[in-house]
Amino acid sequence: MKEFDLDSLKSAWQITPEEKIYSAKEIFPMLKRKSMTSVKWVFIISLIEILFAVGLYVYFLATSGINDYHQILIKQYGSMVYLYEALNFIVYGISFWFIYQFFSYYRKISVQSSIRELSVDIINFRKIVDYFIKFNLVMLVIILFFGYISIWQVTPELRNMDWSSPAGLSLIAVSLIIIFVMFALIWLYYYVVYGTFQRRLKRNLKELDRMD
């Protein structure tokens with residue numbers, strides 16, 4: 001019985017195909033193509049996000065008119081309306097700059113023929129994505145701040161509330177919980193969506209380092 005098992009094992013070993021060993025010239029184009037795909041999707045998703053935000057802004061202007069829109073902002077933010085509008089344009093400008101950087105790195109990676117240069121581009125691109133995520137999270141906090149300011153200004157009960165009273169303390173606690181939950185959800189979105197491509201690029205980078 002043992003002899004039969006040994007013969008079967010030998011036969012199975014002889015017909016098992018050898019594992020294909022890829023050369024560096026074969027691996028490099030695959031890693032480059034995978035990296036391009038990850039960069040492309042980061043570019044597409046970020047572009048959709050900013051176009052959606054701009055679309056909402058244009059929609060409000062189109063439905064309410066510029067004058068009415070400004071009156072709404074003045075009612076909500078008072079003297080801070082110009083700061084709010086300036087902040088809007090700054091956010092849009094910086095967001096488009098990030099998107100331009102994503103597209104630039106996609107073009108750079110697509111023409112790379114050097115392992116070292118591709119590795120450097122991936123490292124720099126991942127840093128840009130990290131900055132983009134941190135920028136958006138900071139902007140989220142600022143937007144929430146403006147949101148609470150607007151609610152406070154248009155609600156007399158809040159302006160006259162005793163914040164050291166049980167009702168005031170409860171409202172502060174609820175507000176902080178809402179801010180935390182919103183921040184956590186946005187962070188989770190970036191971790192899942194952008195983090196997925198970041199981790200893929202990190203794996204590609206490790207493979208490139210082994211080849212170098």
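In this predicted model, Asp-121 pairs with Lys-108 in a salt bridge whose closest N and O atoms sit 3.6 Å apart. Asp-121 is buried, because its relative accessible area is 4% and the cut-off for buried is under 20%. Lys-108, at 38%, is partly exposed.

Arg-210 counts as exposed, with 59% relative accessibility, while Glu-207 counts as partly exposed at 31%. Here are both pairs side by side:

| Salt bridge | Closest N and O atoms |
|---|---|
| Asp-121 with Lys-108 | 3.6 Å |
| Arg-210 with Glu-207 | 2.3 Å |

Now to the nonpolar core. Which residues have the most contacts inside the largest one? They are Val-42, Phe-102, Ile-122, Phe-125, Val-129, Tyr-194 and Leu-208, in a core of 36 residues. Helices α2 (24–64), α4 (81–110), α5 (115–154) and α7 (166–211) each supply at least two of its residues, and α5 gives the most, with 12.

Leaving aside residues up to four places away in sequence, Ile-122 touches Ser-35, Ile-109, Leu-201, Leu-205 and Leu-208. One of these, Leu-208, is also listed among the residues with the most contacts inside the core.

Technical notes. Residues numbered from 1 in each chain as written. Predicted model: local features only at pLDDT ≥ 70, side-chain atom pairs only at ≥ 80, totals over all residues. Heavy atoms only, no water. Core = buried A, V, L, I, M, F, W, Y, C linked by side-chain atoms within 4.5 Å. Buried < 20%, exposed > 50% of the residue type's maximum accessible area, 1.4 Å probe, protein only. Helix = DSSP H or I, 4+ residues; strand = E, 2+ residues; numbered from the N terminus. Contact = heavy atoms within 4.5 Å. Salt bridge = Lys/Arg side-chain N within 4 Å of Asp/Glu carboxyl O.
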